[in-house]
Each structure stands twice: as structure tokens, then as C-alpha cells.
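Work through the exercises below with the sequence and the structure in view. Each task is followed by a solution in steps.

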Amino acid sequence: MSSHSIDLTVVVNGASHSLNIDTRMLLVDLVRDELDLTGTHIGCRTGHCGACTVVLDGEVVKSCTVLAASADGSEITTIEGVASDGELHPVQQAIWDEHGAQCGYCTPGMVLAAVELLAENASPTDDEIKSGLAGNLCRCTGYQNIVNAVRSASAP
Amino acid sequence: MIGHPFAYERPESLEQGLRLLAEHGPEAGVMAGGQELVPRLSLGATTPSVIIDIGRLKELEGLRSLNGLVTLGSRVTHRRIARSAEVREHCGLLASAAGQIGGGPQVRNRGTIGGVIAAANPAYDYLPCLVALGATAHLASARSHRAVAIEQLLLGHAPHALEPGELIIEISVAAPARGQRFTYEKLKFTDGCSLIVGVACAADVDEGGVVRSLQMAIGGATETPLRLAEVESLVAGNAMTLELLDAAAEETRRALAEPLSDVMADGAYRRRVAGSLVKRALGSLADSDGGAT
């Protein structure tokens, strides 16, 4: 019988961590409970809401749909790794300026999805913005101010 | 944290993966992107004693187009399929469907074509497209290999498409002729919702508007996608007219003897709307070359 725990190493926001974890641990649990990076939120645990979005080896994923064990050796960026030197990322600043956050629960996931969207398409149309954010649910804003924020953070 | 305990294995090679699958049999849960399995583990809907993580097997990540055949490793993600110049050029219907898979870019970055086929969920968009295109799944176990039409695979073993110990290795699709038009018309409440009904078709339409050949399948309406062979033969060889569209819709409704009824829609509604979607799909093939490859 194989063990129910596993050794793994991950690089999160540039810092390397080696841990022994339960095989049942989700990536979102690793980030929040083991590394105390609680900006990554849990909305549903079933891959629907996108509040737990992180960047895994360069691509956004819903971290409740990833076993922590399978992220062994990976590089992860969470919302805490997006601002640099105390300066908000342009997408974060735009969310601030456009009042794109109300309760703020979905905001970290929205920001990471928007950063990937703009990295791949610097000047998206509104439809492309909505499609890029389709994996992230917001129950407050009606989305309009989030779309406005991503548009204002995009290249003219 | 998932409630049910399990061991975790990450094979380094396909051979080792197949050996592990043979060893653990139906007790094993196979995970590639995890988009199907991990939420089911969290919900307690499945309780395997071991997870076999095939997510790094190089043997399953190929993507190539050769001699009129597009071949995709089972671990190729929806994102790669949607963006691949080769798939877009030779198999536009599949690339288009991959880009429409719901749940956002996060799901398309992680989810794989093999995972969708193994899940055999009638509400998944890929399946009618793969059936319309006559795609083949290549399966392997520790003891044998077999190739089977995806339509047959889904029919034979739904809701579990595979035998214990078997793994989807590759999917191959005969690339349609150049200039083929395609469309995927679907009804769902919103992006990320399950499919109510989807109609996938690919066709050769000549300059005079005559449909030279047509491949068509319907998903979401029955337990497994249905190839609409009667509609194909009704339409092929003819120019699209309103009368022909009505006849195709009628033939579609006839083909759906026992449509699914669930919380999203009852069977009678699915049958009615299936006819309408077939008309819309055929109409858009006739009207424009927007989807032409």
C-alpha cells in the first residue's frame, strides 16, 4: 500500500517551499493553509466560481481543481505575487480606479484572469474581455465595472 | 481537503502508467488535467483508493497532422487544440469547439480531450463534434491496444467509456477536404452551463450551394451523441432550401426517439429545439463561408 502523504517542492511567488503533504490536499489548500497566502479565495470547491484562480507554470488554473501533489516542481503565482515593490499591477490599479471590486471576494481571481487575458491580447474587445473572465463569477458588481477596469488597463 | 483518503502515483512513462492501471484495476482513478476528477473527489462522488496522475506523460501530448490525419495525444489541452494552427487548418470544427468549452480559460488551460471522452458526459461540447467528424480513439492497456470509433466507444460503455485498466492514448480524425465549412450550434443557459442540445456539422458545399457531403451529430439530447445519418443522406446532393431545412428538422425529431429529460429541459423540449438547431446549423452552412477552413 502506498503512502497517503507525499514530499513536494513548489516555487510560490518566487520563494521555494519543500513540504510533506497529505495526498488529499488541493492546491488551494496548500496555498492558503500551508503557506498562509489567503488572498486566494475558496468559493465553491468544484471548479465553477474562479475565486481560487492562481497561475500554475504560466497558465491560470482554478486551484481547487488541482491536486497539490500534481503541482510538485511547479512555479505558482498567487495574487500576492502580482504587485511589485509596493506598486499595484496596472490591472489592480484599474480595478481600484473603476470601482471594479465591491465585496472583493472574486477580485483576486478576476485580476489573475485579466492579467493572462491582457498578456495574450493587449487590446481585447469587450466581448473578448467577457470571454476571458467567463471562468470567474462575481455576485456583486454585475460585471460592468470589472469589464471597464480591464478595458482601461488594456493598450489603447 | 478531499475527505476520502487515497494513494497518489505519478508514473514516469506510459508503460509504467499502464502497469499501475493493471495493478489497481477499477480501484484507480486516472487524472490528467483533473478538471473532471478533482471536483468529483471533492464532492465525494468518486472514491478511488489510488490516483494515477498521467499529467506528465510525454507519450500523450503529441499533436500532428500527417497525410490527411490529425492525431492528438489524449493529454492535449483544450487550449492547445483551440490555438493549434494545424488543428485550425485541418479540423476547424474541433478547434472551434475546443475554444468554446465553458468554465473559462482556466478550464481550457488544464482540461484535456482524453478526459472529456473518458468522462462521457452527454453535456460536454466536444463529443458531438468528435462523433460528427467520425473520430477514432486509440486505447491501450498493459496487455493490448485497440482502436475504436468514439461514437461506438461512448455507446458501448456509457457512462464509463473505458474498460478497467484501459487508457485513451490518442485521438485521430480524418482531416476534412480543404474548403469544408463547419458549424456548432448549441443551446445552453450561459457559458459554463451544461449543454442542453448541440448540433455539430461539417460539410462540403459547392459554389452553386449544393451540399456535396455532410457529417452531422447531435449532443446533449441523448445519453451519447447521435450521428444524424438520415439527415446527412437527406441533405447530401441537394441545395439548401427552406423545404429541405424543414424536412431535416423533422427527420432530426424523428431520430430522437427517447430524448433526455432532466432539470434543464424535458425530452419533448429537447426534441423540438433539436430540430430548430439543425435548421439553424444547416442554414448557416449554406449562407456563409464564415466557418470555412
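**Exercise 1: the interface**

Across the interface of chain A and chain B, the rule finds 17 residue pairs in polar contact, both residues at pLDDT 80 or more. A polar contact is a pair of N or O atoms within 3.5 Å; within protein, one must be able to donate a hydrogen and the other to accept it, and residues adjacent in sequence count only if both atoms are side-chain atoms. The pLDDT is the predictor's confidence in each residue, from 0 to 100.

This is a predicted model, in which local features need pLDDT of at least 70 and side-chain atom pairs count only at pLDDT 80 or more, while totals for chains, interfaces and linings use all residues. Residues are numbered from 1 along each chain as its sequence is written, chains are lettered from A and ligands numbered from 1 in the order in which they are written, and side-chain values use heavy atoms, with hydrogens and water left out.

Task: describe the side of chain A that touches chain B by element and by class.

Step 1. The elements giving two or more residues to this side are β3 (53-56), β4 (59-62), α3 (107-120) and α4 (126-132) of chain A. Helices (H or I, at least four residues) and strands (E, at least two) are DSSP runs, numbered from the N terminus.

Step 2. β4(A) supplies the largest share, four residues.

Step 3. By class, this side has 13 nonpolar, 13 polar and nine charged residues. Ala, Val, Leu, Ile, Met, Phe, Trp, Tyr, Cys and Pro count as nonpolar, Asp, Glu, Lys and Arg as charged, and the others, Gly among them, as polar.

**Exercise 2: salt bridges**

Task: state how many salt bridges the rule finds across the interface of chain A and chain B.

Step 1. The rule asks for a side-chain nitrogen of Lys or Arg within 4 Å of a carboxyl oxygen of Asp or Glu.

Step 2. It finds five salt bridges across this interface. One salt bridge joins the side chains of A:Asp72 and B:Arg10 (3.1 Å, N to O).

**Exercise 3: one residue**

Task: is A:Val54 buried or exposed?

Step 1. A:Val54 lies in strand β3 of chain A.

Step 2. Buried means under 20% relative accessible area, exposed over 50%, partly exposed in between (1.4 Å probe, protein chains only).

Step 3. A:Val54 counts as buried because its relative accessibility is 0%.

Step 4. Not counting residues up to four places away in sequence, A:Val54 touches residues including A:Leu27, A:Val60 and A:Leu112; contact means heavy atoms within 4.5 Å.

Step 5. A:Leu27 is itself among the buried residues of helix α1 (residues 27-34) of chain A.
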